[in-house]
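These are my notebook entries on a protein structure. I set down what I looked up, in order.

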Amino acid sequence: MATNVLSDRKVTTAKPRDKEYLLTDGAGLSLRIRPDDSRLWIFRYTSAAGKPAKKSLGPYPDVSLQEARLKAAQMRQQLQKGIDPGSKVEGRPETVQALFEVWVRDSLSNRRNAKGVYASRSRMGRHVLAAAGQDRIASLTKARILELLAPIVRAGHGPQANCVLIDTKQMLDYAAEREWIEANPAALIKKAAVGGKDVVRDRVLDADEILMLRDKLLAATGMTLYAQAAYWIALSTMARAGEIAAVRESEIDWDAQEWTIPASKNKSNREHTIQLSNFALYWLSVLRQQERPGDYLIPGKGGLGHVSYRSFSHQATMRQESASKGQGLGVRGELSLPGGPWTTHDLRRTGATIMGELGVAENVVEKCLNHMEQSKLVKVYQRQRMLPQRREAFDMLGAYLTKLVGDPNTWGPVKLKPGRPKVVQLRAAS
(Lines give C-alpha, C1' and ligand atoms only; values in the text may rest on other atoms or scores of the structure.)
Protein backbone atom coordinates (compact mmCIF):
# COMPACT_ATOMS: atom_id res chain seq x y z
CA MET A 1 0.00 0.00 0.00
CA ALA A 2 1.25 3.45 -0.88
CA THR A 3 2.38 5.67 1.98
CA ASN A 4 3.04 9.39 2.38
CA VAL A 5 0.35 10.12 -0.20
CA LEU A 6 -0.59 13.53 1.20
CA SER A 7 1.28 16.82 0.90
CA ASP A 8 1.10 19.97 3.02
CA ARG A 9 -0.62 21.75 0.13
CA LYS A 10 -3.24 19.03 -0.31
CA VAL A 11 -4.02 19.04 3.41
CA THR A 12 -4.23 22.83 3.61
CA THR A 13 -6.39 23.33 0.54
CA ALA A 14 -8.84 20.47 1.15
CA LYS A 15 -12.41 21.79 1.41
CA PRO A 16 -15.15 20.62 3.81
CA ARG A 17 -18.10 18.74 2.31
CA ASP A 18 -21.69 18.11 3.31
CA LYS A 19 -20.56 14.95 5.11
CA GLU A 20 -17.30 14.16 6.87
CA TYR A 21 -14.66 12.35 4.83
CA LEU A 22 -11.08 11.07 5.09
CA LEU A 23 -7.90 12.10 3.31
CA THR A 24 -5.72 8.99 3.41
CA ASP A 25 -1.95 9.19 3.74
CA GLY A 26 -1.49 5.41 3.77
CA ALA A 27 -0.44 2.83 6.37
CA GLY A 28 -3.40 3.63 8.57
CA LEU A 29 -2.98 7.42 8.77
CA SER A 30 -5.89 9.61 7.66
CA LEU A 31 -7.11 13.18 8.16
CA ARG A 32 -10.81 13.38 9.01
CA ILE A 33 -12.51 16.55 7.72
CA ARG A 34 -15.98 17.44 9.00
CA PRO A 35 -18.59 19.81 7.49
CA ASP A 36 -17.65 22.51 10.04
CA ASP A 37 -14.05 22.28 8.69
CA SER A 38 -12.67 20.75 11.91
CA ARG A 39 -9.79 18.39 11.08
CA LEU A 40 -8.43 15.48 13.10
CA TRP A 41 -5.60 13.03 12.42
CA ILE A 42 -6.66 9.40 12.92
CA PHE A 43 -4.59 6.22 12.98
CA ARG A 44 -6.59 3.10 12.05
CA TYR A 45 -5.33 -0.38 12.89
CA THR A 46 -6.45 -3.88 13.90
CA SER A 47 -6.44 -4.60 17.63
CA ALA A 48 -5.01 -7.71 19.25
CA ALA A 49 -8.57 -9.05 19.36
CA GLY A 50 -8.75 -8.76 15.59
CA LYS A 51 -11.23 -5.90 15.61
CA PRO A 52 -10.95 -2.57 13.74
CA ALA A 53 -9.72 0.22 16.04
CA LYS A 54 -8.59 3.80 15.77
CA LYS A 55 -6.67 6.38 17.76
CA SER A 56 -6.78 10.16 17.61
CA LEU A 57 -3.44 11.82 16.94
CA GLY A 58 -4.62 15.38 17.45
CA PRO A 59 -6.28 18.16 15.45
CA TYR A 60 -4.80 19.79 12.38
CA PRO A 61 -3.08 22.29 12.15
CA ASP A 62 -2.00 21.90 15.80
CA VAL A 63 -0.48 18.59 14.68
CA SER A 64 1.24 18.98 11.31
CA LEU A 65 1.40 16.33 8.58
CA GLN A 66 4.98 15.50 9.52
CA GLU A 67 4.10 15.20 13.23
CA ALA A 68 1.12 12.97 12.42
CA ARG A 69 3.35 10.67 10.34
CA LEU A 70 5.84 10.44 13.21
CA LYS A 71 3.07 9.54 15.67
CA ALA A 72 1.63 6.97 13.27
CA ALA A 73 5.09 5.40 12.90
CA GLN A 74 5.33 5.14 16.68
CA MET A 75 1.91 3.45 16.77
CA ARG A 76 3.05 0.90 14.18
CA GLN A 77 6.14 0.17 16.27
CA GLN A 78 3.92 -0.44 19.30
CA LEU A 79 1.80 -2.86 17.29
CA GLN A 80 4.89 -4.78 16.24
CA LYS A 81 5.74 -5.19 19.94
CA GLY A 82 2.22 -6.43 20.70
CA ILE A 83 1.14 -3.19 22.40
CA ASP A 84 -2.30 -1.82 21.59
CA PRO A 85 -1.90 1.94 20.87
CA GLY A 86 -5.48 2.51 22.03
CA SER A 87 -4.98 1.01 25.46
CA LYS A 88 -4.28 4.49 26.79
CA VAL A 89 -5.11 7.73 24.96
CA GLU A 90 -2.07 9.94 25.34
CA GLY A 91 -2.90 13.30 26.83
CA ARG A 92 -6.54 12.44 27.53
CA PRO A 93 -7.79 13.83 30.84
CA GLU A 94 -9.07 11.02 33.00
CA THR A 95 -11.41 12.89 35.37
CA VAL A 96 -14.22 15.39 34.87
CA GLN A 97 -12.19 18.01 36.77
CA ALA A 98 -9.18 17.50 34.50
CA LEU A 99 -11.37 17.69 31.39
CA PHE A 100 -12.94 20.91 32.64
CA GLU A 101 -9.53 22.53 33.18
CA VAL A 102 -8.31 21.54 29.70
CA TRP A 103 -11.56 22.78 28.13
CA VAL A 104 -11.34 26.15 29.93
CA ARG A 105 -7.69 26.59 29.00
CA ASP A 106 -7.83 25.57 25.35
CA SER A 107 -11.40 26.43 24.31
CA LEU A 108 -13.53 28.53 26.65
CA SER A 109 -10.86 31.17 27.32
CA ASN A 110 -10.61 31.81 23.59
CA ARG A 111 -14.36 32.38 23.22
CA ARG A 112 -15.44 34.20 26.38
CA ASN A 113 -14.01 37.16 28.24
CA ALA A 114 -12.61 36.91 31.77
CA LYS A 115 -16.01 37.59 33.32
CA GLY A 116 -17.61 34.77 31.30
CA VAL A 117 -14.86 32.31 32.23
CA TYR A 118 -15.22 33.25 35.91
CA ALA A 119 -18.99 32.71 35.79
CA SER A 120 -18.55 29.30 34.18
CA ARG A 121 -15.94 28.24 36.75
CA SER A 122 -18.23 29.35 39.56
CA ARG A 123 -21.41 27.54 38.48
CA MET A 124 -19.67 24.41 37.19
CA GLY A 125 -17.62 24.25 40.37
CA ARG A 126 -20.73 24.35 42.58
CA HIS A 127 -23.05 22.17 40.57
CA VAL A 128 -20.90 19.67 38.66
CA LEU A 129 -17.30 19.50 39.87
CA ALA A 130 -18.16 19.47 43.58
CA ALA A 131 -20.11 16.23 43.10
CA ALA A 132 -18.48 14.63 40.06
CA GLY A 133 -15.10 16.31 39.62
CA GLN A 134 -13.08 13.21 40.54
CA ASP A 135 -15.28 10.84 38.54
CA ARG A 136 -14.04 9.43 35.25
CA ILE A 137 -15.22 11.23 32.11
CA ALA A 138 -17.23 8.21 31.01
CA SER A 139 -19.34 8.49 34.17
CA LEU A 140 -21.07 11.61 32.79
CA THR A 141 -23.96 9.74 31.24
CA LYS A 142 -27.22 11.45 30.33
CA ALA A 143 -28.81 10.16 33.54
CA ARG A 144 -25.90 11.42 35.66
CA ILE A 145 -26.02 14.89 34.08
CA LEU A 146 -29.77 15.16 34.74
CA GLU A 147 -29.11 14.04 38.31
CA LEU A 148 -26.58 16.87 38.77
CA LEU A 149 -28.99 19.44 37.33
CA ALA A 150 -32.02 18.32 39.36
CA PRO A 151 -31.08 20.13 42.65
CA ILE A 152 -30.71 23.44 40.80
CA VAL A 153 -34.16 23.03 39.27
CA ARG A 154 -35.73 22.02 42.61
CA ALA A 155 -34.28 25.18 44.16
CA GLY A 156 -36.22 27.21 41.59
CA HIS A 157 -33.16 28.31 39.61
CA GLY A 158 -34.16 27.13 36.14
CA PRO A 159 -32.07 29.66 34.17
CA GLN A 160 -28.99 28.71 36.21
CA ALA A 161 -29.63 25.03 35.43
CA ASN A 162 -29.75 25.90 31.74
CA CYS A 163 -26.42 27.73 31.98
CA VAL A 164 -24.82 24.70 33.62
CA LEU A 165 -26.29 22.48 30.91
CA ILE A 166 -24.83 24.71 28.17
CA ASP A 167 -21.36 24.62 29.79
CA THR A 168 -21.55 20.84 30.20
CA LYS A 169 -22.63 20.34 26.58
CA GLN A 170 -19.77 22.49 25.27
CA MET A 171 -17.22 20.73 27.47
CA LEU A 172 -18.36 17.28 26.32
CA ASP A 173 -18.51 18.42 22.68
CA TYR A 174 -14.85 19.35 23.09
CA ALA A 175 -14.07 15.88 24.46
CA ALA A 176 -16.07 14.08 21.75
CA GLU A 177 -14.35 16.08 19.00
CA ARG A 178 -11.00 14.75 20.25
CA GLU A 179 -12.47 11.24 20.59
CA TRP A 180 -11.80 11.16 24.31
CA ILE A 181 -15.40 9.96 24.57
CA GLU A 182 -17.51 8.13 21.99
CA ALA A 183 -20.29 10.74 21.90
CA ASN A 184 -21.66 13.68 23.87
CA PRO A 185 -24.25 12.26 26.32
CA ALA A 186 -25.71 15.75 26.91
CA ALA A 187 -26.39 16.41 23.23
CA LEU A 188 -30.04 15.33 23.40
CA ILE A 189 -30.88 17.11 26.67
CA LYS A 190 -33.04 20.14 25.91
CA LYS A 191 -33.15 23.28 28.05
CA ALA A 192 -36.94 23.17 28.01
CA ALA A 193 -36.79 19.79 29.81
CA VAL A 194 -34.38 21.09 32.46
CA GLY A 195 -34.78 24.72 33.47
CA GLY A 196 -37.57 25.56 31.05
CA LYS A 197 -37.46 27.80 28.03
CA ASP A 198 -35.41 30.96 28.44
CA VAL A 199 -37.56 33.97 29.24
CA VAL A 200 -36.73 36.78 26.85
CA ARG A 201 -37.64 40.19 28.22
CA ASP A 202 -39.16 42.72 25.85
CA ARG A 203 -39.79 45.62 28.26
CA VAL A 204 -39.36 49.01 26.59
CA LEU A 205 -40.08 52.34 28.30
CA ASP A 206 -42.23 54.74 26.33
CA ALA A 207 -41.69 58.52 26.19
CA ASP A 208 -44.06 59.27 29.08
CA GLU A 209 -42.29 56.71 31.28
CA ILE A 210 -38.84 58.14 30.48
CA LEU A 211 -40.08 61.59 31.48
CA MET A 212 -41.63 60.12 34.62
CA LEU A 213 -38.39 58.26 35.39
CA ARG A 214 -36.47 61.53 35.35
CA ASP A 215 -38.65 63.00 38.10
CA LYS A 216 -38.74 59.80 40.12
CA LEU A 217 -34.96 59.40 40.07
CA LEU A 218 -34.45 62.97 41.24
CA ALA A 219 -36.86 62.43 44.15
CA ALA A 220 -35.78 58.86 45.07
CA THR A 221 -34.78 58.44 48.71
CA GLY A 222 -31.12 57.54 49.14
CA MET A 223 -30.50 56.99 45.42
CA THR A 224 -26.77 57.24 44.72
CA LEU A 225 -25.48 59.59 42.05
CA TYR A 226 -23.62 56.64 40.51
CA ALA A 227 -26.84 54.66 39.99
CA GLN A 228 -28.69 57.65 38.51
CA ALA A 229 -25.84 58.26 36.08
CA ALA A 230 -25.67 54.56 35.19
CA TYR A 231 -29.36 54.45 34.17
CA TRP A 232 -29.02 57.45 31.87
CA ILE A 233 -25.75 56.13 30.42
CA ALA A 234 -27.44 52.79 29.70
CA LEU A 235 -30.28 54.58 27.91
CA SER A 236 -28.10 56.95 25.87
CA THR A 237 -25.16 54.64 25.01
CA MET A 238 -26.90 51.23 25.05
CA ALA A 239 -23.92 49.88 26.98
CA ARG A 240 -24.37 46.85 29.22
CA ALA A 241 -24.55 47.27 32.99
CA GLY A 242 -21.23 45.47 33.50
CA GLU A 243 -19.51 47.74 30.99
CA ILE A 244 -20.85 50.84 32.73
CA ALA A 245 -19.83 49.57 36.18
CA ALA A 246 -16.25 48.99 35.01
CA VAL A 247 -15.77 52.14 32.91
CA ARG A 248 -12.38 53.82 33.33
CA GLU A 249 -11.60 57.48 32.74
CA SER A 250 -8.72 56.41 30.47
CA GLU A 251 -11.10 54.49 28.18
CA ILE A 252 -12.78 57.74 27.11
CA ASP A 253 -11.40 60.19 24.58
CA TRP A 254 -13.03 63.26 26.11
CA ASP A 255 -12.20 65.55 23.20
CA ALA A 256 -13.40 63.19 20.47
CA GLN A 257 -16.33 62.10 22.67
CA GLU A 258 -15.64 58.38 22.23
CA TRP A 259 -15.71 55.57 24.77
CA THR A 260 -13.67 52.50 23.75
CA ILE A 261 -14.57 49.34 25.66
CA PRO A 262 -11.77 46.73 25.58
CA ALA A 263 -12.57 43.26 24.23
CA SER A 264 -11.90 41.72 27.64
CA LYS A 265 -14.71 43.77 29.21
CA ASN A 266 -17.64 43.13 26.91
CA LYS A 267 -19.84 40.15 26.14
CA SER A 268 -18.98 40.07 22.43
CA ASN A 269 -15.29 39.68 23.29
CA ARG A 270 -14.15 42.37 20.85
CA GLU A 271 -13.24 46.05 21.18
CA HIS A 272 -16.26 48.32 20.91
CA THR A 273 -16.36 52.10 20.41
CA ILE A 274 -19.36 54.14 21.54
CA GLN A 275 -19.65 57.64 20.09
CA LEU A 276 -20.91 59.82 22.92
CA SER A 277 -23.72 62.30 22.38
CA ASN A 278 -23.76 65.46 24.48
CA PHE A 279 -26.44 63.86 26.64
CA ALA A 280 -24.31 60.77 27.34
CA LEU A 281 -21.14 62.79 27.86
CA TYR A 282 -22.83 64.92 30.53
CA TRP A 283 -23.39 61.87 32.74
CA LEU A 284 -19.89 60.50 32.24
CA SER A 285 -18.49 63.98 32.97
CA VAL A 286 -20.48 64.09 36.22
CA LEU A 287 -18.84 60.83 37.24
CA ARG A 288 -15.45 62.19 36.19
CA GLN A 289 -15.79 65.15 38.56
CA GLN A 290 -16.39 63.03 41.66
CA GLU A 291 -13.63 62.38 44.15
CA ARG A 292 -12.25 58.88 43.61
CA PRO A 293 -9.03 57.00 44.34
CA GLY A 294 -8.25 55.66 40.87
CA ASP A 295 -9.13 55.38 37.20
CA TYR A 296 -12.55 53.75 37.64
CA LEU A 297 -15.33 56.33 37.28
CA ILE A 298 -17.56 54.32 39.64
CA PRO A 299 -15.30 52.97 42.40
CA GLY A 300 -16.22 49.97 44.49
CA LYS A 301 -16.81 49.81 48.21
CA GLY A 302 -13.96 51.41 50.12
CA GLY A 303 -12.51 52.68 46.86
CA LEU A 304 -11.37 49.20 45.82
CA GLY A 305 -11.78 48.34 42.15
CA HIS A 306 -15.09 49.21 40.55
CA VAL A 307 -18.69 48.88 41.72
CA SER A 308 -20.63 45.68 41.00
CA TYR A 309 -23.15 46.05 38.18
CA ARG A 310 -25.66 44.35 40.51
CA SER A 311 -25.68 47.54 42.56
CA PHE A 312 -27.64 49.27 39.80
CA SER A 313 -30.21 46.48 39.63
CA HIS A 314 -30.55 46.40 43.41
CA GLN A 315 -31.20 50.12 43.75
CA ALA A 316 -33.87 50.01 41.03
CA THR A 317 -35.51 46.74 42.12
CA MET A 318 -35.88 47.65 45.79
CA ARG A 319 -37.73 50.81 44.74
CA GLN A 320 -40.29 49.01 42.56
CA GLU A 321 -43.45 47.63 44.08
CA SER A 322 -43.26 44.17 42.57
CA ALA A 323 -39.93 43.38 44.19
CA SER A 324 -39.87 45.51 47.36
CA LYS A 325 -42.03 43.43 49.70
CA GLY A 326 -40.60 43.30 53.18
CA GLN A 327 -37.86 45.84 52.51
CA GLY A 328 -39.17 48.15 55.20
CA LEU A 329 -37.09 51.04 53.87
CA GLY A 330 -39.89 53.42 52.98
CA VAL A 331 -38.87 53.45 49.31
CA ARG A 332 -41.39 50.95 47.95
CA GLY A 333 -42.87 52.14 44.67
CA GLU A 334 -40.60 55.16 44.27
CA LEU A 335 -39.39 54.01 40.85
CA SER A 336 -42.44 52.05 39.72
CA LEU A 337 -43.66 52.86 36.23
CA PRO A 338 -47.04 52.19 34.57
CA GLY A 339 -45.59 49.67 32.11
CA GLY A 340 -44.33 47.39 34.87
CA PRO A 341 -40.96 46.54 36.43
CA TRP A 342 -37.88 47.68 34.54
CA THR A 343 -34.19 46.83 34.70
CA THR A 344 -30.95 48.48 33.59
CA HIS A 345 -30.89 46.16 30.57
CA ASP A 346 -34.41 47.31 29.65
CA LEU A 347 -32.98 50.83 29.31
CA ARG A 348 -30.41 49.51 26.83
CA ARG A 349 -33.25 47.89 24.86
CA THR A 350 -35.25 51.13 25.05
CA GLY A 351 -32.36 53.12 23.56
CA ALA A 352 -32.10 50.66 20.67
CA THR A 353 -35.86 50.85 20.10
CA ILE A 354 -35.78 54.64 20.00
CA MET A 355 -32.98 54.50 17.44
CA GLY A 356 -35.11 52.26 15.24
CA GLU A 357 -38.11 54.53 15.58
CA LEU A 358 -35.93 57.49 14.56
CA GLY A 359 -35.18 55.72 11.28
CA VAL A 360 -31.73 54.28 12.03
CA ALA A 361 -31.06 51.19 9.90
CA GLU A 362 -31.25 47.87 11.74
CA ASN A 363 -27.66 46.88 10.92
CA VAL A 364 -26.42 50.21 12.33
CA VAL A 365 -28.42 49.68 15.54
CA GLU A 366 -26.87 46.20 15.84
CA LYS A 367 -23.41 47.75 15.49
CA CYS A 368 -24.25 50.31 18.18
CA LEU A 369 -25.36 47.45 20.46
CA ASN A 370 -22.15 45.52 19.67
CA HIS A 371 -24.15 42.40 18.88
CA MET A 372 -22.30 39.48 17.31
CA GLU A 373 -23.09 38.71 13.68
CA GLN A 374 -25.45 35.76 13.40
CA SER A 375 -24.11 34.51 10.07
CA LYS A 376 -20.58 33.13 9.79
CA LEU A 377 -20.47 34.48 6.24
CA VAL A 378 -21.29 37.99 7.47
CA LYS A 379 -18.75 37.67 10.26
CA VAL A 380 -15.98 36.71 7.84
CA TYR A 381 -16.65 39.08 4.95
CA GLN A 382 -18.34 42.16 6.43
CA ARG A 383 -15.72 43.93 8.51
CA GLN A 384 -16.99 47.50 8.15
CA ARG A 385 -17.46 49.30 11.47
CA MET A 386 -19.89 51.98 10.20
CA LEU A 387 -18.41 54.60 12.54
CA PRO A 388 -19.93 57.66 10.78
CA GLN A 389 -23.38 56.04 10.75
CA ARG A 390 -23.04 55.04 14.40
CA ARG A 391 -21.98 58.59 15.36
CA GLU A 392 -25.08 59.95 13.66
CA ALA A 393 -27.29 57.33 15.36
CA PHE A 394 -25.96 58.09 18.85
CA ASP A 395 -26.33 61.83 18.25
CA MET A 396 -29.93 61.31 17.11
CA LEU A 397 -30.65 59.32 20.27
CA GLY A 398 -29.02 61.98 22.47
CA ALA A 399 -30.92 64.80 20.76
CA TYR A 400 -34.20 62.91 21.21
CA LEU A 401 -33.57 62.40 24.93
CA THR A 402 -32.57 66.05 25.40
CA LYS A 403 -35.75 67.21 23.67
CA LEU A 404 -37.83 64.80 25.76
CA VAL A 405 -36.42 65.38 29.25
CA GLY A 406 -34.43 68.59 28.77
CA ASP A 407 -30.72 69.35 28.99
CA PRO A 408 -29.53 67.42 32.09
CA ASN A 409 -27.21 70.29 32.97
CA THR A 410 -30.37 72.24 33.85
CA TRP A 411 -32.12 69.51 35.87
CA GLY A 412 -29.54 66.85 36.66
CA PRO A 413 -28.40 66.17 40.23
CA VAL A 414 -25.05 67.85 39.51
CA LYS A 415 -24.20 70.94 37.52
CA LEU A 416 -20.98 70.64 35.55
CA LYS A 417 -18.31 72.96 36.89
CA PRO A 418 -16.59 74.59 33.91
CA GLY A 419 -13.80 75.93 36.08
CA ARG A 420 -12.48 72.48 36.98
CA PRO A 421 -9.69 71.12 34.74
CA LYS A 422 -11.35 67.73 34.32
CA VAL A 423 -14.54 69.08 32.81
CA VAL A 424 -14.86 68.59 29.06
CA GLN A 425 -16.38 71.01 26.61
CA LEU A 426 -19.35 69.43 24.86
CA ARG A 427 -19.09 69.57 21.10
CA ALA A 428 -21.71 71.51 19.21
CA ALA A 429 -24.78 69.47 18.35
CA SER A 430 -24.95 68.60 14.67
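Which residue in E6 is the bridge partner of Asp-253? I looked this up and found that the partner of Asp-253 in E6 is Glu-258.

I noted the basis of the entries. The model is predicted, so to speak of local features I need pLDDT of at least 70, side-chain atom pairs count only at pLDDT 80 or more, and totals for chains, interfaces and linings use all residues. Residues are numbered from 1 along each chain as its sequence is written, and side-chain values use heavy atoms, with hydrogens and water left out.

**Entry: the chain.** I found 16 helices and seven strands in the protein chain; helices (H or I, at least four residues) and strands (E, at least two) are DSSP runs, numbered from the N terminus. Of its 430 residues, 45% count as buried, a term for under 20% relative accessible area with a 1.4 Å probe, protein chains only.

**Entry: E5 and E6.** I looked up strand E5 (residues 252–253) and recorded two bridges to E6, with the strands antiparallel. Two strands pair if DSSP finds at least two bridges between them. The hairpin of E5 and E6 has four residues between the strands, and Gln-257 there takes a positive phi near 55°.

**Entry: E6 and E7.** I recorded four bridges from E6 to strand E7 (residues 272–275), and these strands also run antiparallel. Trp-259 has Ile-274 as its bridge partner in E7.

**Entry: the faces of E6.** In strand E6 (residues 258–261), I found Trp-259 and Ile-261 on the covered face, and Glu-258 and Thr-260 on the uncovered one.

Technical notes. Buried < 20%, exposed > 50% of the residue type's maximum accessible area, 1.4 Å probe, protein only.
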